[in-house]
Amino acid sequence: MDLIDVKRQAIADRLEKVRFTSKHFGDVKHRYDLSVDVVDCKFIQKSGVYMITTLYNNTDIIKFWWRDQPDLSDIISDATIQIRGTVNKHEVGRFTHAQETFMNRVKIVQN
């Protein structure tokens, strides 16, 4: 339990640093190729998907859902990955209170 709490606090601290500098990325319904740093990979058991939280240029928060691989968290945890995805929506995060961009139809091009 202690290790999980420490990791959650480190993630919260990293997101707090970019809370006021994060801006919405891209235009809705446009597809982009990005290099992003994975901050958090959380499994949502109720729906059986992963919620991946990433940072683009260490400032913009980009999130996407992933359900293709069952053990994705071990592969991309704390890594820089190349993704291709379509901007789905822009919103202010419920927990971070920062501007976030949600992408869909995401493919991990390279990790």
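Residues count as buried under 20% relative accessible area, as exposed over 50% and as partly exposed in between (1.4 Å probe, protein chains only). By this scale Lys29 is exposed, with a relative accessible area of 72%. The model is predicted: local features need pLDDT of at least 70, side-chain atom pairs count only at pLDDT 80 or more, and totals for chains, interfaces and linings use all residues. Residues are numbered from 1 along each chain as its sequence is written, and side-chain values use heavy atoms, with hydrogens and water left out.

Lys29 lies in the loop between helix H1 (2–17) and strand E1 (31–44). Helices (H or I, at least four residues) and strands (E, at least two) are DSSP runs, numbered from the N terminus. Lys29 is not a glycine, yet its phi is positive, about 70°. His97 also has a positive phi, near 55°, and is a residue other than glycine. His97 is found in the loop between strand E4 (80–92) and strand E5 (99–110).

The interior was examined next. A nonpolar core is a set of buried Ala, Val, Leu, Ile, Met, Phe, Trp, Tyr and Cys residues joined through side-chain atoms within 4.5 Å. The largest such core has 16 residues. Leu34, Ile52, Phe64, Ile83 and Met103 touch the most other members. Two or more residues come from each of E1, strand E2 (49–56), strand E3 (60–66), E4 and E5. E1 gives the largest share, four residues. Phe64 touches Tyr50, Met51, Ile52, Thr54, Ile83, Met103 and Val106, leaving aside residues up to four places away in sequence; contact means heavy atoms within 4.5 Å. Another core lies apart from the largest one.

Asn57 lies in the loop between E2 and E3. Asn57 is exposed, at 55% relative accessibility. Asn57 and Leu34 are 23 residues apart in sequence and 9.6 Å apart in space, C-alpha to C-alpha.

Four aromatic pairs are found in the whole structure. Rings of Phe, Tyr and Trp (its six-membered ring) pair if their centres lie within 6.5 Å; planes under 30 degrees apart count as stacked, over 60 as edge-to-face and the rest as tilted. Phe25 and Tyr32 form an edge-to-face pair, 4.9 Å centre to centre with 65° between the planes. Phe25 is buried, with a relative accessible area of 13%, whereas Tyr32 is partly exposed at 21%. Ring pairs link Phe25, Tyr32 and Tyr56 into a cluster.
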